[in-house]
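Subject: Handing over a structure

Dear colleague,

Please find the structure below, followed by some notes on what was found in it.

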Amino acid sequence: MAGRLPGAASAAAAPLPRALLLLAALALFSLTFLSLRSLRPAAAPPSLAIGGSRPSSFARPSVYHSAEAFAAGYAEMERSFKVYIYPDGDPKTFYQTPRKLTGKYASEGYFFQNIRESRFRTGDPDKAHLFFVPISPHKMRGKGTSYENMTIIVKDYVEGLINKYPYWNRTLGADHFFVTCHDVGVRAFEGLPFMVKNSIRVVCSPSYNVDFIPHKDIALPQVLQPFALPEGGNDVENRTILGFWAGHRNSKIRVILARVWENDTELAISNNRISRAIGELVYQKQFYRTKFCICPGGSQVNSARISDSIHYGCVPVILSDYYDLPFNDILDWRKFAVVLKERDVYQLKSILKSISQEEFVELHKSLVQVQKHFVWHSPPLPYDAFHMVMYELWLRHHVIKY
């Protein structure tokens, strides 16, 4: 090369490849070290302890979409989440206090009582993340209020809060929520279209035909409490019946289910509730003996039968085209339930028989793991139904903040 001495060129050429080789070796070593570190198992997520029981870690994290995110978010919720309850309304009528804590609409009553007893309540609206509108349609229903009068009472009450306080107008109600389990209670707010559109509706009837908006509203689990018998679980050897359903034909899917399968020898399908005359708690005891409990929608898509199935350890089979299942953005329902479309009812038996015993055992074990999320307590306990609903509210309070 022009301008360079031959000796200088040969002297510089020798160490250059060695330097490049050394750099390449160091880079390869670094990449290998980082790759091996990435293969190490992640640290175990925080454990879940309920009451004074032995802590149960997320040993089977697959039932949660993200066990780590849930554990971290739940801890932050407990640390900082605050809800303001409007103090207005006579507690002896339809406000502030629940109707009762029993029956298939008990979830509404438990929430009303639990929120008042919980650490989440604040008396300072300026510290609140969300505002609870404490009017109970279930209590109105218990006092014989007609649907027409119910809508008037709800409308007058909410409009009174809007006129009296400044908080609604800051977000047009986006940081407000109400809770109702009875399907008539959902309809009772139809006179307030801005509330249906903007506020968080925590309802047991998450039907799209009543304008349920999944990313905004919350599916409240319908839990028939108190349970007549203890929890089932870890008892797969006793579950010899393939599938079970007994109920009234009050929906199209139930009519088809009964017509197609009521005479089958492997599916215990009855188009009527099991009569108490046959024996005490025969209906509930059937859950203990069954692998899969069929859960078709009735007059609404929701049903207390789902939480019954979970409680008694019977894998629920959801038969619905549009059901935003409770805690659906936290729990992976397909890990502890069978989720089908209504058209699958005609192949129901073959679908259930195609699930191997090993697969059923996995579903059953996961089902036992989520039982604690579908029971109400007073006072509330960590990770129970109340705290799961509060976590859903916590997830939504970030949408708008003023």
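A residue is called buried when its relative accessible area is under 20%, exposed when that area is over 50%, and partly exposed in between, using a 1.4 Å probe and protein chains only. By that definition, buried residues make up 50% of the 402 residues in the chain. This is a predicted model, in which local features need pLDDT of at least 70 and side-chain atom pairs count only at pLDDT 80 or more, while totals for chains, interfaces and linings use all residues. Residues are numbered from 1 along each chain as its sequence is written, and side-chain values use heavy atoms, with hydrogens and water left out.

The chain holds 15 helices and 11 strands, which are DSSP runs (H or I of at least four residues for helices, E of at least two for strands) numbered from the N terminus.

Turning to the sheet, 5 strands with parallel pairing form an open sheet in the order S8-S7-S9-S10-S11, where pairing requires that DSSP finds at least two bridges between two strands. Strands S8 (267-270) and S11 (338-340) stand at the edges with a single partner strand each, so one side of each is left without a neighbour in the sheet. Strand S10 (residues 315-319) pairs with S11 in the parallel sense over 3 bridges, and leucine 319 has leucine 340 in S11 as its bridge partner.

Helix H12 (residues 304-312) packs on this sheet, touching strand S7 (241-246), strand S9 (290-296) and S10, where a contact means heavy atoms within 4.5 Å.

How values were computed
Axes are lines fitted to C-alpha atoms, for helices over the stretch in contact, and angles run from 0 to 180 degrees between N-to-C directions.
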